[in-house]
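Thank you all for coming. I would like to walk through one structure today, slowly enough that the terms are clear as we go.

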Amino acid sequence: MIYIIQTIVIYSLTYSIAVMGLSLVVGYSQIFVLSQAAVFGVGSFTYAVMSSRNITSDLLIVIPVAIVIGGLLSLVTGLPLFRLGGDYYIVASLAFQYVIIQGLVNWTSVSGGPPGLFGFSSPSILGWNITSNMDFIYVLVPILVLALGSLLWVRRMPYGRALVAMADDEAALAAGGVKADSLRVGVFVLAGTLAAVAGVLFTSFLNVASPGDYGISESILMISMVLVGGSRSLIGPFIGALFLSSLPYWLNLVNWSVYMTGVVTGVLLLLVAFFLPDGVAGLATSWVHRRRMHEQSRQASSVEPSLGGQS
Amino acid sequence: MTAEKALVFSRAGHVSHSTGRDGGSSRLVARGLFKRFGSQEVIAGFDHDLEPGVVTGLVGPNGAGKTTIFNLLSGGLKPDSGTVTFADQDVTGRPMHVVSRMGLGRSFQDVRVFPALDCLDNCALYAQTVRETSLVRTLLMPRSTARLSGVSRQVATEAVEFVGLGSKKDNLAGSLSYADQKLLAIARLLAIGATTLLLDEPASGLDRRGVEKLMEVIRRLRDEGRTILLIEHNLDVVREMCQKVLFLDRGRVLAEGTPDDVFARTELAELYFGA
């Protein structure tokens, strides 16, 4: 039992890191990305390759390497964002998803082909071997806190202010001297690097990396986590990751087949699209926001009744 | 507002031209602008030197091409032929985000404040430099970013106070009255350090008190020596604010002169009022 809970926690934390940045991409750039799993997979293989070739299994080395590789890959796949707006990028990202994963499958000398790589040494940090589930949780939590802290920082700073503005009005943003395209590529790369980091952690935990695990359905699962939990919010991805990454366990608990995961995810997505456009986390934030709006317009109208007009 | 305070609006990092009474360095000049949308010739040869430190009115019936001229001048829209120079640089068809940083600010007919940001942040966004808007710097140089951000909030505070919204600076722009949103839109242009302001129908939709407040702000901008081009349908505002008027119809300037001269010409009044 404790083992199951630990595993659920590890999955949830890992997926939280993987989709945290994506929620900013979906929330503020309003683009849907269907290639997140590919970057996640590239992060996985970064660890798998380095570890299986006995280069190193030290996370303090592998993670920075994955950040560089994942960042560059995201930069390349994000460049079309300068030309392709909104809906069209879905198609481009779908193409990237296939190219990257099929590329991995066919690059057998590195990836081991369809079966992938497995059975490599356990990860370590400065000589400390990370073996038990609790060890993993000790590693995951600070990384998560660091990632979350960075995103909160970005949101509080001028860059984040520009993101909020971009979601509302790109022309007014341009009149303010800020180019929306570069903001979009920026968050996209940030989201990709976090996914690559998560990929390293995921594979070092599972001890196996196979290209098939990072297919399109995995990308859909990741974007579902964002949508169910709530984009624009940083708590949203946690909720989404916690629930969707552990869905097979819950289904198992009520004696449903694991193959129902997709069905349940799909139904959830539909429900969210219809009833909770800002996801589960959006429930709380929209309530706070409405209160604030209400409070302020009440104040404004009581102070200056003659300055009505529409608002 | 004193001269030295006015300088805060054009801090280093924004290309800081003189906010100044000489104004010569940030002159806006349009030469032979033509623009056609499909078969429709919207702008048919627009030539104008915007006089520095002067409020110029751009009037004309709906569909005369006034907003198109704004789009051509402020960047983003490329003319089919002709050039726009600002501060002695060719800015023809250059992107709006570049042109606005040079000190040529524009407002929109439909206001377009950012409803989810408060007043201060609306202005701070316009005041923020390219450096502090860099994601890499935000992550790798947090302290310097925070310091720069503090400066732009300072600039923003001054801008918000200039238009008289100081007491509402923490209110979300979406919760402001329409009149206040219009003032905020002007404050944003001050925050970016605009020496030349293109204002698209700033008085439309305002009640008398709103118009009074707006004219007061424009008057003070003029007194500071800023250059203003104003699209406006409220002819009382034009008469009071503008030293010069351009009458535009079907993409051509039909008349140019003082408000009294231009409005005295009966054929223009007929065009304008459709009499």
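Before the first pair of helices, let me say that an axis here is a line fitted to C-alpha atoms, for helices over the stretch in contact, and that angles run from 0 to 180 degrees between N-to-C directions. Helices (H or I, at least four residues) and strands (E, at least two) are DSSP runs, numbered from the N terminus.

What you see is a predicted model, in which local features need pLDDT of at least 70 and side-chain atom pairs count only at pLDDT 80 or more, while totals for chains, interfaces and linings use all residues. Residues are numbered from 1 along each chain as its sequence is written, chains are lettered from A and ligands numbered from 1 in the order in which they are written, and side-chain values use heavy atoms, with hydrogens and water left out.

In chain A, the axes of helix H2 (residues 36-52) and helix H3 (residues 59-78) come within 9 Å and cross at roughly 140 degrees. Taking contact to mean heavy atoms within 4.5 Å, we find Val39(A), Tyr47(A) and Met50(A) among the H2(A) residues that meet H3(A), where the partners include Leu59(A), Ile69(A) and Leu73(A). The residues of this contact divide into 11 nonpolar, 3 polar and no charged, where Ala, Val, Leu, Ile, Met, Phe, Trp, Tyr, Cys and Pro count as nonpolar, Asp, Glu, Lys and Arg as charged, and the others, Gly among them, as polar.

Now to the cores. A nonpolar core is a set of buried Ala, Val, Leu, Ile, Met, Phe, Trp, Tyr and Cys residues joined through side-chain atoms within 4.5 Å, and buried means under 20% relative accessible area, exposed over 50%, partly exposed in between (1.4 Å probe, protein chains only). Which residues touch the most other members of the largest core? Among its 154 residues they are Phe40(A), Leu173(A) and Tyr126(B), and helix H9 (residues 180-206) of chain A gives the most to this core, with 17 residues. Leaving aside neighbours within four places in sequence, Leu173(A) is in contact with residues including Met166(A), Phe114(B) and Leu125(B).

Finally, two loop residues. Ser210(A) lies between strand S4 (208-209) and helix H10 (216-229) of chain A, and it counts as buried because its relative accessibility is 14%. Gln109(B), in the loop between strand S6 (104-106) and helix H4 (119-127) of chain B, has 37% relative accessibility and therefore counts as partly exposed.
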